[in-house]
Amino acid sequence: MVLAADAQLRLDANWVDYLIVALYFAFVIGIGVMAKRSVSTSIDFFLSGRSLPAWVTGLAFISANLGAVEIMGMSANGAQFGIPTVHYFWVGAVPAMLFLGVVMMPFYYGSKVRSVPEFMRKRFGTGAHLVNAISFAVAQLLIAGINLFLLAKIVNILLGWNLYISLVVAAVIVLSYITLGGLSAAIYNEVLQFFVIVAALLPLTLVGLHKVGGYGGLKDKIMAAGNGDAQLNSWPGTNLTAIDNPVLSVIGIVFGLGFVLSFGYWTTNFVEVQRAMASSSISAAQRSPIIGAFPKMFVPFIVIFPGMIAAVVASEVAQAKSSGDKTFDYNNSLLYLIRDLLPNGMLGIAIAGLLASFMAGMAANISAFNTVFSYDLWQTYLVKDRNDEYYLRIGRFATVAATVVALGTALIARNYQNIMDYLQTLFGFFNAPLFATFILGMFWKRMTPTAGWAGLVSGTLAAVLVGVISTDVLGGASIGLIGLTGQGASFVAAGAAFVVDMLVSVVVTMVTSPKPESELRGLVYSLTPRADFHDENEGALAWYQQPTKLAGVGFVLVVILNIVFW
């Protein structure tokens with residue numbers, strides 16, 4: 001594979017574009033310097049002192065997910081599969097985000113844990129905690145590598161630099177502000193990055209739609225290209241799942257993506273939950289993912305639609321689709337569209353928006369990793385009972401180490417023509433079994449500590465097994481015993497992980513001893529009085545500040561969107 005940027009993708013940036021990018025970087029570093037002033041303890045560094053308002057943590061919540069994978073991966077899906085990609089948002093994200101805010105954030109925030117693995121330690125003990133902490137840390141290093149690789153790829157295209165030099169430069173930029181200001185620097189930069197991303201992608205979408213004659217013209221061109229209803233209707237999504245049977249495809253989307261992968265990611269992934277944990281109250285923590293759900297449901301219009309437009313406007317993408325070229329790198333679809341449609345000035349904003357998305361994603365992975373490494377691994381198992389300043393230094397060291405490791409894991413991501421295949425594989429391995437263990441333990445007081453770690457391990461192994469025997473899921477490392485490919489195989493792997501985890505957990509629980517109920521208050525739903533995790537000031541809040549009512553509005557909107565694009 002050639003590492004230098006393809007000459008066809010070289011963007012014709014001039015001094016105006018470079019100036020816009022330079023100004024953006026100045027703001028990014030400046031936020032890190034300012035945030036450093038408020039960092040005096042480890043809680044300040046890792047959780048922003050639990051002091052931020054809901055609107056800030058809500059925008060950071062969604063921006064942390066609006067990274068390189070979201071922008072490049074979903075636009076690649078839009079170009080390759082069309083409208084069915086909306087399932088990642090309206091089925092595979094928003095419902096779980098609302099559930100997190102209404103049901104699960106009171107447990108996270110009210111229990112005063114510093115991370116999701118720490119919650120697992122309180123509920124199940126050290127076995128499940130260690131498995132979860134290690135698997136989470138590994139996953140963040142791999143996903144940070146994805147964001148870093150795509151960020152370096154943009155620098156490579158913009159400046160013509162060697163990919164390896166680009167990787168180092170991109171890593172240094174992110175490392176600088178996270179090391180300085182910790183989670184606060186990451187969160188305030190994520191708020192800035194959210195607006196920069198929208199400022200970049202919204203004009204691109206509007207210009208693209210104007211060029212093809214609006215949404216109606218886009219549909220006509222897609223039909224004329226011979227891609228038909230599969231690209232323009234969200235259900236049954238057989239082209240997305242690679243499952244030919246429509247009924248099985250719907251089951252795969254609803255159960256594999258909409259339930260297991262979605263709830264597994266949004267409700268237990270510390271990358272997202274950490275932002276809500278930084279809020280100033282239980283009510284604010286609950287509202288964080290709910291507030292984030294509103295922009296999340298409209299992101300498809302500025303991410304998926306540009307990919308669909310690229311598939312009919314950009315000659316390289318259109319030719320690859322018409323010829324059925326399976327080696328074409330759809331991750332570049334958005335770049336082709338930017339190259340063809342945007343003039344200088346707007347090109348600089350687009351480049352800044354892409355860089356912002358990549359840095360938001362990588363910074364989220366790194367800031368979550370350093371918290372879990374410092375609290376859940378180093379402090380819990382390696383060096384106990386040291387002063388707070390010591391663990392603050394360990395957190396900064398972990399930030400540097402994680403960035404260095406991400407330089408290596410970034411090279412893994414380059415083996416995938418569609419980066420979403422790789423990402424969904426990782427989610428199936430790491431998030432799906434965790435969700436099964438977590439949800440069973442939260443609602444079943446009888447579940448035992450032994451069942452906690454046994455379920456996690458067995459569920460993870462089940463997902464890996466499906467990945468290995470599927471066709472070309474692991475970048476060529478699979479052996480192809482079953483005819484599943486790409487994201488459909490990931491959905492099946494996630495479902496297998498969930499079911500196996502549940503079954504093993506139930507069986508092991510039946511033959512092992514549970515924790516005393518007195519130790520489970522605040523950790524199990526039925527044993528926790530509502531007053532324990534209830535914001536006493538919630539009754540005085542306006543309706544749009546009350547988590548349950550706000551979530552109800554969000555749920556109605558996402559149902560309407562699903563119906564409109566059925």
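Modeller: What follows takes up the helix packing and then the nonpolar cores of this predicted model.

Biologist: Why is H15 called roughly parallel to H24?

Modeller: The axes of H15 (residues 282-298) and helix H24 (residues 547-564) come within 10 Å and cross at roughly 15°. Angles under 35 degrees count as roughly parallel, and therefore H15 is described as roughly parallel to H24. The crossing of H15 past H24 is left-handed.

Biologist: Which residues in H15 and H24 meet?

Modeller: On the H15 side they include Arg287, Ile290, Ile291 and Phe294, and on the H24 side Leu550, Gly554, Leu557 and Leu561 are among them.

Biologist: What makes H15 mostly covered, and where in H15 does a kink lie?

Modeller: Buried means under 20% relative accessible area, and 14 of the 17 residues in H15 are buried. The kink, of about 30°, lies at Ser288, shortly before the proline Pro289.

Biologist: Which residues touch the most other members of the largest nonpolar core?

Modeller: They are Tyr108 and Leu354, in a core of 174 residues, to which helix H9 (residues 163-212) gives the largest share, 20 residues. A second, separate core has nine residues, including Ala76, Ala311, Val317 and Tyr336.

Biologist: How do you know that Tyr108 touches Phe438?

Modeller: Contact means heavy atoms within 4.5 Å, and Phe438 is listed for Tyr108 by that criterion. Tyr108 also touches Leu100, Val113, Val116, Phe119, Thr267, Thr268, Val273 and Met277, with residues up to four places away in sequence not counted.

Definitions and conventions:
Residues numbered from 1 in each chain as written. Predicted model: local features only at pLDDT ≥ 70, side-chain atom pairs only at ≥ 80, totals over all residues. Heavy atoms only, no water. Core = buried A, V, L, I, M, F, W, Y, C linked by side-chain atoms within 4.5 Å. Buried < 20%, exposed > 50% of the residue type's maximum accessible area, 1.4 Å probe, protein only. Helix = DSSP H or I, 4+ residues; strand = E, 2+ residues; numbered from the N terminus. Bend = angle between axes of the 7 residues up to and from the residue. Axes fitted to C-alpha atoms, helices over the stretch in contact; angles between N-to-C directions. Parallel < 35°, antiparallel > 145°, perpendicular 65-115°, else oblique. Left-handed = near helix turned anticlockwise from the far one by under 90°.
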